[in-house]
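Q: Could you walk me through the features of this model, one by one? I would like the general idea each time, and then the case at hand.

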Amino acid sequence: MSEKISEAELVVMEALWEAAPQTANDVADRVAAGRDWSLQTVKTLLSRLMAKDVIAADQDGRRFLYRPLVAREDYVAGESGRLVNRLFGGRVSPLVAQLASQDQLTADDIAELEEILKGLKS
């Protein structure tokens, strides 16, 4: 993925990752909670995502069915890598140290990290 997805576009992507394919109306209904977006706003976001080649639209009669071309896992991996590269020089440990210093790691987070590290060592 070469182009960055905006926060608004990410909301639409999340709706498509939850269920696909969907019409523009379906997507608008899913993202309506907590947002005052019109159907036209959703259609604009869908068009932007198509231009970025992260979704596709298949014609179904007089409507289009939208589906993601990028898996959520792939998107998260790319964004995570960019964050670590941009802010921490490609190193994960400074990120974890930053989170720990801000008390943003719960006991469950720490236990999960310990299990991940044990799995990597074996």
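Q: Which residue forms a salt bridge with Arg82, and how far apart are the closest N and O atoms?
A: A salt bridge is a side-chain nitrogen of Lys or Arg within 4 Å of a carboxyl oxygen of Asp or Glu. Here Arg82 pairs with Glu79, with 2.8 Å between the closest N and O atoms. Because they are three residues apart in helix H4, about one helical turn separates Arg82 and Glu79. Helices (H or I, at least four residues) and strands (E, at least two) are DSSP runs, numbered from the N terminus. A word on the source: this is a predicted model, in which local features need pLDDT of at least 70 and side-chain atom pairs count only at pLDDT 80 or more, while totals for chains, interfaces and linings use all residues. Residues are numbered from 1 along each chain as its sequence is written, and side-chain values use heavy atoms, with hydrogens and water left out.

Q: Which residues do salt bridges that share partners join into one network with Arg82?
A: Lys4 and Glu79 join Arg82 in that network. The side chains of Lys4 and Glu79 form a salt bridge at 3.6 Å, N to O. This pair links distant parts of the chain, since Lys4 lies in the segment before H1 and Glu79 in helix H4, 75 residues apart.

Q: Is Lys4 buried or exposed?
A: Buried means under 20% relative accessible area, exposed over 50%, and partly exposed in between (1.4 Å probe, protein chains only). Lys4 has 58% relative accessibility, so it counts as exposed. Arg82, at 36%, is partly exposed.

Q: How many salt bridges does the structure hold?
A: There are eight. Another one of them joins Asp58 and Arg67, whose closest N and O atoms are 2.7 Å apart. Asp58 is partly exposed at 34% relative accessibility, and Arg67 is partly exposed at 31%.

Q: What is in contact with Lys52, leaving aside its neighbours within four places in sequence?
A: Contact means heavy atoms within 4.5 Å. By that rule, Lys52 touches Glu3, Lys4, Ile5, Ser6 and Glu9. Lys52 itself is in the loop between helix H3 (39-51) and strand S1 (55-60). A polar contact is a pair of N or O atoms within 3.5 Å; within protein, one must be able to donate a hydrogen and the other to accept it, and residues adjacent in sequence count only if both atoms are side-chain atoms. A polar atom of the Lys52 side chain lies 2.7 Å from the backbone oxygen of Lys4.

Q: How many aromatic pairs does the structure hold?
A: Rings of Phe, Tyr and Trp (its six-membered ring) pair if their centres lie within 6.5 Å; planes under 30 degrees apart count as stacked, over 60 as edge-to-face and the rest as tilted. The structure has one such pair. The ring centres of Trp17 and Tyr75 are 5.7 Å apart and their planes are at 40°, so the pair is tilted. Trp17 in helix H1 (residues 7-18) and Tyr75 in helix H4 (residues 72-88) are 58 residues apart, a link between distant parts of the chain. Both Trp17 and Tyr75 are buried.

Q: What about backbone geometry: which peptide bond is cis, with omega near 0°?
A: The one from Ala20 to Pro21. Pro21 is in the loop between H1 and helix H2 (24-31). Turning to phi, Asp53 has a positive value near 60° and is not a glycine. Asp53 sits in the loop between H3 and S1.
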